[in-house]
Amino acid sequence: MASGERKEKKSIFDLSKFLDKGVRVKFQGGREASGVLKGFDALLNLVLDNTIEYLRDPDDPLKLSDETRQLGLVVCRGTAVVLVCPMDGMEAIANPFIQQES
């Protein structure tokens, strides 16, 4: 590679199959949001429309509360994105590693 040339950044994620579909995104620090994926780039910067943020429980910051807030159209910085998953076909399952109280 000659000096001055830059290697093109390539993403290992193919989010094109999720365009115009509902996705849920988790961010560093514990924030979560869902919305319709409108765009993305190789650095995992995301554009979400009709975005809803899931607010955390004030008593326990590790848990999400039932409260949400509407954000609308947002741009999510790729360096903060931890997880992107589709809303279709997603269901919560019980954690098998937590001991059940008798």
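I began with Glu 32, which is buried at a relative accessible area of 10%; buried here stands for under 20% relative accessible area, exposed for over 50%, and partly exposed for anything in between, with a 1.4 Å probe and protein chains only.

Before going on I noted the ground rules: this is a predicted model, in which local features need pLDDT of at least 70 and side-chain atom pairs count only at pLDDT 80 or more, while totals for chains, interfaces and linings use all residues. Residues are numbered from 1 along each chain as its sequence is written, and side-chain values use heavy atoms, with hydrogens and water left out.

Entry on Glu 32. I looked up its partners and found a salt bridge with Arg 24, where the closest N and O atoms are 2.7 Å apart; the term requires a side-chain nitrogen of Lys or Arg within 4 Å of a carboxyl oxygen of Asp or Glu. Arg 24 has 16% relative accessibility and counts as buried. Glu 32 also forms a salt bridge with Lys 26, and there the closest N and O atoms are 3.8 Å apart. Lys 26, at 35% relative accessibility, counts as partly exposed.

Entry on Arg 69. I then found Arg 69 in a salt bridge with Glu 53, with 2.6 Å between the closest N and O atoms. This pair links distant parts of the chain, since I find Arg 69 in strand S4 (residues 64–76) and Glu 53 in strand S3 (residues 46–56), 16 residues apart; strands are DSSP runs of E with at least two residues, helices are runs of H or I with at least four, and both are numbered from the N terminus. Arg 69 is partly exposed at 40% relative accessibility, whereas Glu 53 is buried, with a relative accessible area of 7%. I also noted that salt bridges with shared partners join Arg 24, Lys 26 and Glu 32 into one network.

Entry on the whole structure. My search of the whole structure gave 5 salt bridges. I recorded 0 helices and 5 strands in the protein, and its elements run β-β-β-β-β from the N terminus on. Of the 102 residues in the protein, 23% are buried. For contacts (heavy atoms within 4.5 Å), I noted that 43% of those between residues at least 6 apart in sequence join residues at least 24 apart.
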